[in-house]
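Here is a short report for a reader who is new to this structure. Please look over the sequence and the model before reading on.

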Amino acid sequence: MKKTIFKTEKISLSERTRGTIRDFTLSNGKMVSSINGNITTQEISQNDWSKIVEYTEEINVEGISKLEALSTKRFSDAALASHITITKNGIDYQSSTFDSGNPPLELKNLYNEIQRIIKTKKSK
């Protein structure tokens with residue numbers, strides 16, 4: 001039997017609360033950021049994209065919508081409500097919602113890498 005290879009096309013991190021909407025979409029070579037409607041596009045290195053893809057390979061994408069959040073601060077606007085969407089072979093797999101900064105354990109490496117790239121780009 002031949003194993004199907006799922007090609008990671010893009011990763012999105014969405015974070016929302018009453019007054020803030022932040023969306024970050026990473027694909028091979030670029031990151032598109034939308035912060036309260038202000039959209040910017042920046043290049044990301046092949047190395048950064050390779051790490052993102054590597055972390056997505058560790059995740060069972062079919063099950064990410066059922067992952068349990070570790071905290072509930074987003075219910076009272078004490079944290080941004082966040083979710084990650086992984087697009088593979090044209091199919092979007094969206095995680096359950098979690099507090100910004102506290103993803104389900106299965107998403108922790110991917111989430112931390114996305115945050116590292118976002119922070120690196122902000123400082124430029």
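## An aromatic pair

Rings of Phe, Tyr and Trp (its six-membered ring) count as a pair if their centres lie within 6.5 Å. Planes under 30 degrees apart are stacked, those over 60 are edge-to-face, and the rest are tilted. This is a predicted model. The structure holds one aromatic pair. Its members are Phe98 and Tyr111.

Where do Phe98 and Tyr111 lie? Phe98 is in strand S7 (residues 98-99), and Tyr111 is in helix H2 (residues 108-122). The pair therefore ties together parts that are 13 residues apart in sequence. Both Phe98 and Tyr111 are buried.

## A charge over a ring

Arg74 lies over the face of Phe75. The distance to the ring centre is 4.6 Å.

Helix H1 covers residues 46-57. The helix has twelve residues. From first C-alpha to last, H1 reaches 16 Å. That is close to the 16 Å expected at 1.5 Å a residue.

Which residues of H1 are buried? They are Asp48, Trp49, Ile52 and Thr56. Seen down the axis of H1, these buried residues fall within an arc of 95 degrees, so they line one face of the helix.

## Helix H2 and Gln115

Helix H2 also holds Gln115. Is Gln115 buried or exposed? Its relative accessible area is 13%, so Gln115 counts as buried, the limit being under 20%. Leaving aside neighbours within four places in sequence, Gln115 is in contact with Leu13 and Glu15.

## Buried serines in strands

Ser14 is found in strand S1 (residues 8-17). Ser14 has 7% relative accessibility and so counts as buried. The side chain of Ser14 makes a polar contact with the side chain of Asp23, at 2.7 Å. Beyond four places in sequence, Ser14 touches Arg22, Asp23, Ala81, Ser82 and His83.

Ser82 is in strand S5. The relative accessible area of Ser82 is 0%, so this residue is buried. Not counting residues up to four places away, Ser82 touches Leu13, Ser14, Glu15, Ser96, Thr97, Phe98, Asp99 and Ser100. Ser82 and Gly37 are 45 residues apart in sequence. In space they are 17 Å apart, C-alpha to C-alpha.

Ser33 lies in strand S3 (residues 30-35). Ser33 is buried too, with a relative accessible area of 6%. Which residues does Ser33 touch, not counting residues up to four places away in sequence? They are Asp23, Phe24, Asn38, Ile39 and Thr40. Asp23 is also touched by Ser14. Ser33 and Lys88 are 55 residues apart in sequence and 20 Å apart in space, C-alpha to C-alpha.

## A loop residue, Asn36

Asn36 sits in the loop between S3 and strand S4 (38-43). At 45% relative accessibility, Asn36 counts as partly exposed. Asn36 touches Gly19, Thr20 and Ile21, with residues up to four places away in sequence left out.

How far apart are Asn36 and Arg16? They are 20 residues apart in sequence and 9.6 Å apart in space, C-alpha to C-alpha.

## Positive phi in two loops

Most residues other than glycine have a negative phi. Asp77 has a positive phi of about 65 degrees although it is not a glycine. Asp77 lies in the loop between H1 and strand S5 (81-88). Its relative accessible area is 31%, so Asp77 is partly exposed.

Asn89 has a positive phi as well, of about 50 degrees, and is not a glycine. Asn89 is placed in the loop between S5 and strand S6 (91-94). At 36% relative accessibility, Asn89 counts as partly exposed.

Definitions and conventions:
Residues are numbered from 1 along each chain as its sequence is written. This is a predicted model: local features need pLDDT of at least 70, side-chain atom pairs count only at pLDDT 80 or more; totals for chains, interfaces and linings use all residues. Side-chain values use heavy atoms; hydrogens and water are left out. Helices (H or I, at least four residues) and strands (E, at least two) are DSSP runs, numbered from the N terminus. Buried means under 20% relative accessible area, exposed over 50%, partly exposed in between (1.4 Å probe, protein chains only). Contact means heavy atoms within 4.5 Å. The expected span of a helix is 1.5 Å times one less than its number of residues. The arc is that of the directions from the helix axis to the C-beta atoms. A charge sits over a ring if NZ of Lys or CZ of Arg is within 6 Å of the ring centre and within 35 degrees of the ring normal. A polar contact is a pair of N or O atoms within 3.5 Å; within protein, one must be able to donate a hydrogen and the other to accept it, and residues adjacent in sequence count only if both atoms are side-chain atoms.
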